[in-house]
Amino acid sequence: MDDSAEKITIHAISQSLDLNISSGYSFLTRDAKLFIKNIVALANRINKAKHKNKLTVNDINESLRSKNMEPLYGYSKNEISDFIPIGNDQNYEIFARKEKMINLSQMERPKLAKYPFDTSFDFHWLAINGIQPCISNNQTDDSTNTVTPDEIHWPFKLTNLKEVPGRQTDPKVLVPEELQKLFYSTFIKIRNSENIDDVLEELSTNGSLHQLLPYYIRILLDAVAVNIRHPINVTRFLCVTNALLRNESLNFDNILHHILSIVLAPLTNDVLADGSLDIQYRIRDEAATLLGSVVRQFSSRFSSLTGIITEKLTNLFFDYKKSLIARYGAVSGLFEISTDFVRDTILPKLESIMDDLQPKLESTNENEKFQAVRLKSFLYQACHLICMKEKENNHEMEEEVVELISLYFGGSIFDS
């Protein structure tokens, strides 16, 4: 894209956002290219983990969701429709979607869908002694690029291995061999479903992990994105994240947004994962507990953190188009951050919440009914704890809120 096209594009986007951008086009373009490149690279990893040969819009959307961002608008399916002109109206050309003609014989004998492969995760060498192996996992469109983002450089020490095929990285930090072994043993034990208690203890107490922290965060981001449908694996990744957060010698100020992405991805995931529903609700409870811990740990240094997280979770909870299990994750996260947010934002709108929930409680779909019961049960427990807390603090709740709670949960909820 030439400079004029870049300026026109940025100018059009700024106008749609009511912004006035008169300079800095080159910086915006560079950052946008780097961002898009990282999103597509992560989408490729997700695509390979699904054992697919074609990158789809769903892969891009999963990549964006893993970084706690909104998916692409206007692409609800993998296919991008073709449009054809059908006429003009007031000097505007009208386009319609080009429908595909299907033969009746094809409808009589539909082809069976290809059996899906089970999504899993695996490990491979990104670099060995500063040399990136030329294997299929490390293939990129541009052979001059490293496999890691520009802000992360693999730390292995350079050696004179000219005869080894591969791409040479540009390491900036040298990591001791003991820390390298700890790094690999962490995820190898997770992959092999081994006991990781000793690893968690090491991660929470080792004072020299600051060199490895960017690499742990990077692989945790990718691993959570790829294994979002496997609650057992995600549970272990959350345990590793929690262990790192407990390490007082580590500084997370520059990578806090990545930590939040790791925690929010399983908490607000809108897609049902593999396994029983009980396990999926348990992992959301664990993610909510970890989110509350993160907010309390960093809210004193980042004054806007609490407001940003609670606004996102509140908007998600009141989005009735979202799945009930995703809304459960949102309200449980709010409750773990502070019961005051549930008291001030959720309870005053209890009537509309229960009106939306009631048909699902009577649904013949067992999964939908189970999710509705779990959400109502959580709201009941939250209301009870909030009422007890207000009673202990000698605070009187608003009369309208008290009437709503009594109407939907009964007067006994106010008893100790």
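Contact here means that heavy atoms lie within 4.5 Å. The structure is a predicted model, in which local features need pLDDT of at least 70 and side-chain atom pairs count only at pLDDT 80 or more, while totals for chains, interfaces and linings use all residues. Residues are numbered from 1 along each chain as its sequence is written, and side-chain values use heavy atoms, with hydrogens and water left out.

Leaving aside its neighbours within four places in sequence, L313 is in contact with L264, L267, T268, L291, A330, G333, L334 and I337. L313 is also among the residues with the most contacts inside the largest nonpolar core, a nonpolar core being a set of buried Ala, Val, Leu, Ile, Met, Phe, Trp, Tyr and Cys residues joined through side-chain atoms within 4.5 Å. Buried means under 20% relative accessible area, exposed over 50%, and partly exposed in between (1.4 Å probe, protein chains only).

| Item | Residues |
|---|---|
| Largest nonpolar core | 84 residues, including L203, L244 and F252 |
| Another core, apart from it | five residues, among them L42, I46, A49 and A225 |

In helix α16 (residues 399-409), the buried residues are V401, L404, I405 and F409. Seen down the axis of α16, these fall within an arc of 100°, so they line one face of the helix, the arc being that of the directions from the helix axis to the C-beta atoms. On the other side of α16, E399, E400 and L407 are exposed, whereas the cover over its buried residues includes α14 (350-361) and α15 (366-392).

Methods
Helix = DSSP H or I, 4+ residues; strand = E, 2+ residues; numbered from the N terminus.
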